[in-house]
Amino acid sequence: MRKVFSPTLLFLSPWLVTLILFWLFPLIYSLYLSFTDYAILNPHPNFIGAQNYFKLFSDPDFLTALKNTSLFVVGTIPFTTIIALFLALIVNQKIPLKGFFRAGFFLPSITSMVVIALIFTNLYAKDGYLTFLCHFLGISTPEKGFLFSTGTALPSIMLMDVWVSFGYYLILYLAALQAIPIELYEAAEISGATFWQKFKYITLPYLRPMTLLIVLINTIRSFQIFIEIFVMTKGGPLNSTLTVVYSVYENGLVRFQMGYASAMAYVLFFIIMIFSLLQMKIFGLGKGVEE
Amino acid sequence: MPRKIGTILAILILFSGCSQTESDKTVLQFWQFWTDPQVKPTVIKLIQKFEQENPGIKVTATDLTWSNGHEKIVVAFASNSAPDVLELGSDWVPEFSSQNVLLNLSPAVDSIKNRFRMWEPGIFDGKIFAFPWMLDTRVLFYNKDLMSQAGLDPKHPPQIWNELLSYAKKINQPQKQIYGFGANAAERHRLYKKFLPFLWGNGGKILSEDNTTCLINSKEAVDALNFYIELTKFGLLDTQRRLDEVFMQGKIGFVISGGWLLKEIQKNNLPLNFGVVLMPKPDKNRGAPASFAGGEFLVISQKTKHPQEALKLVRFLTRLDNCLELCKAIGTPSPADTSAIYDDYYQNNPYLKIFQEQLKFSFSPPATPKWVYIEEKIERAIEEAMYGRKTPLQALNDAKVEIDKLLKSP
Amino acid sequence: MRKIGKIALFLFLILVLIGTLFPLIWMFYSSLFSHTISLASLADIFKQKLTLKNYAEVFSQIPFGKFLFNSVFVAAVVTLGNLFFCSLVGYAFARKRFPFKKSLFVSVVLVLMIPVHILIIPLFILIKFLGWYDSYLALIVPWLVSPLGIFLMRQYIEVLPKDLEEAARIDGAGEFKILFRVVLPLCKPALAVVAIQVFLANWNSFLFPFILTSSENMRTVPVALALYQGYQTIDWPHLFAASGLATLPVLILFLFFQRQIVAGLTTGALKQ
């Protein structure tokens, strides 16, 4: 009698082992810490119930971080996705040097994020190339420079983020576009469909799963934006670029308030979860592409 | 099925560290930040020299990055795996000293205390937890050519606040990308180091002697902030790194910077006609040419299994000859040993001589465990004044209220 | 498409490409400077003497070759491991029924969303306990089964028609055979995405390699790049040279596998 478990358990074991061995302990431990006043160097955390969580919602810095993070997510994902799709459609056409374009657009996403952030710190400087370009085009630039003016600091980082990431999603979209059966397009041509009709009724539906994937990955990543802030502005000026994960880092590793930081991280986690579940519902989780 | 899991777990456990070989030598873990290819060989050489002088001890050095070393240190202490000997920057020393994780060095150093300076950051509750190793400070760099071009005499760099302000005004021509004063923008953990010298120079204090009351809204402090904000209007506002770079391009008249800038200019052989001078005083007969004192300290983890050997390493590294060797490799810092100033290396170098002179007027923030919070509030106040959200007086008043609250809470 | 339209499109793409690559071109150009001038004005920038010595120095001043090897080795092992393990687990989620299936899948998705900074201390303690500190094991094992990989494989396999698998099962094929001979060949696009995603994430990973290792022997490229940021100064020419070199392995892999990926994808499409 073949045990019902056997092959399935074996198949699942890599995840079970990884989860139990590496993630369960850190997750449960940090969840526990969020209910304490753990201050890292002091080895005796006291249980304080949900105080950290209550404190969060009356903490103006956290609320600012939440606002900035949301702005960032909502302000980058649509652009990144649309630009990636738009350019993928073009690159997918019969143009010369396709591979060259693919590699070129992909290049920013394989370069170290820290280095890119440093490069952009220079480009955005008051005497940097972007300021020079703006003056050349007759656009006025912020008085204190892009990264030091409260109104432009976050948008500057958002722009950089779109620049860095669209290439990666472009490759993913290209992969998805390649998988669309050519026969469908040919049949549509014969029926006299226009470009827009082909796009709307063939391309888009086939791209739905990939779009969901891209938006999902990008959302999870964008909510956790950290490195750019750490390298470029450290949350300033006046907290205009403070994001939640940066605040978690600051509270936990700089101010040593790891209990509070853990609570903040779990609140963020909860928000990401809700957002992602919503997205999966809107785009349809696991639906096929039958037409 | 449980058997299979058991086997897997057993294999994993087998993989785990059973390969530690017994050694009859004491092994010390030493974490430090000097990984620059120009400096590291000296560190290695010193370690080898130490091992030769102490045949029973072996030292394993680990590199820390300036950008993220703090995280690594915190994680190590948090998980009870801190190194035996560790280098800490002066801004981090108070937060570790007060947490009962460092070894109390008082018994070992009380007799030699007077030979070294800048113990303050490492003192907590009357006990010493950190050994000052290398000190540095910040001075005023000035561009002689830009001064001449603006009709100023490069042989007389500004010595008082008004001179600095008016000279900066004269040099400042932003449309030509020439700037008078290089001011630090809202750069966390850096901004306060540029403002506090003016506060101290004007006679202001951050906290009262007993560290219980905040004095940051005193008249001296408000005047200092007013002056600083005024200064920022006649120059370039950017991060320290960029200010240094633009100064090296010959486009800034005056910038407050440290030894690292001197080293960069000399390393790159730049055709820059510059000089360094003490920080300006508020007025000819008032105040002091104060600056910010920074430095590297050596600390020993309280949980070390080899306190005696660790102490030996610390004494070795802070010994004048060894410390000097390292300082020379780095370029500009000074050993904390008070007799270092007499070494030819500093006496014969006009620039370094100024740095040594400036050290006499250099201060560090109060060594309270709450410093990281106080620093944030101070920087916030400066930012608010800089961005016109509050007047300097308002900003500092609000900061005082918040810091007082901080000081009273446990 | 009309000829003129095509040319216009092509030119447009070139423009966008230049705009996209400008920062990187600047980085590459700056890596040829003999000393640190990070933002020379446009007038000065062409006066600089150019040299390749920074690239040589990156290898001579620090064991950069070893760092590259470490990064490539770790990323490759993690990627291959993921391709294997995520297929297994994804298949189980897509095709099998078992108790607690929903909660277990939720656990996969949840791990993906936790901000890592709060996990580093407990994870560090764990790694130390296992004795894996400063070893390849710490760099590889916890990352061998990526939640995102599982998610991707599960999504892709779930919508595949089951008839081929059932036919194979009726013929008496074992579960492993079914997975590797029947299902996975149809999953090339998903496998490609998993490979790219996992490899890149691991290649650029900084925080955990930094915290979980300490010696030069175990250092990876991102950590090495961080070391070029000195105390108050940045060694731009070397940082840029090293950073450029760091993109080469990935670029080569990408260019090499581009053909395989495309071949695999179009085959998959035709089969449908």
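In this predicted model, helix α9(A) bends by about 50° at R208(A), with the proline P209(A) following within four residues. The helix covers residues 195-223 of chain A, and its end C-alpha atoms are only 36 Å apart, whereas a straight helix of 29 residues would span 42 Å at 1.5 Å a residue. Buried residues of α9(A) include L207(A), P209(A), M210(A), L213(A), I214(A) and I217(A), and also the polar N218(A), T219(A) and S222(A). Among the elements that cover the buried residues of α9(A) are α3, α7 and α12 of chain A.

**Contact between chains A and C**

Contact between these chains involves 68 residues of chain A and 70 residues of chain C. On the side of chain A that touches chain C, the elements giving two or more residues are α1 (6-33), α3 (60-91), α4 (98-110), α5 (113-123), α7 (153-178), α11 (244-254) and α12 (258-283). The most comes from α1(A), with 15 residues. The composition of this side by class is tabulated below.

| Class | Side of chain A that touches chain C |
|---|---|
| Nonpolar | 50 residues |
| Polar | 17 residues |
| Charged | one residue |

**Largest nonpolar core**

The largest nonpolar core has 289 residues, of which Y173(A) and V89(C) touch the most other members. Its largest share, 17 residues, is supplied by α7(A). In chain B, domain 1 (25-136 + 294-363) and domain 2 (138-292 + 366-408) each provide at least three residues to this core. Apart from neighbours within four places in sequence, V89(C) is in contact with F11(A), L12(A), P14(A) and W15(A) of chain A, and with V145(C) and I150(C) of chain C.

Methods:
Residues numbered from 1 in each chain as written. Chains lettered and ligands numbered in written order. Predicted model: local features only at pLDDT ≥ 70, side-chain atom pairs only at ≥ 80, totals over all residues. Contact = placed C-beta atoms within 7 Å. Core = buried A, V, L, I, M, F, W, Y, C linked by C-beta atoms within 7 Å. Buried ≥ 20, exposed ≤ 12 C-beta atoms within 10 Å, placed from the backbone. Domains from an automatic or database assignment. Expected span 1.5 Å × (residues − 1). Bend = angle between axes of the 7 residues up to and from the residue.
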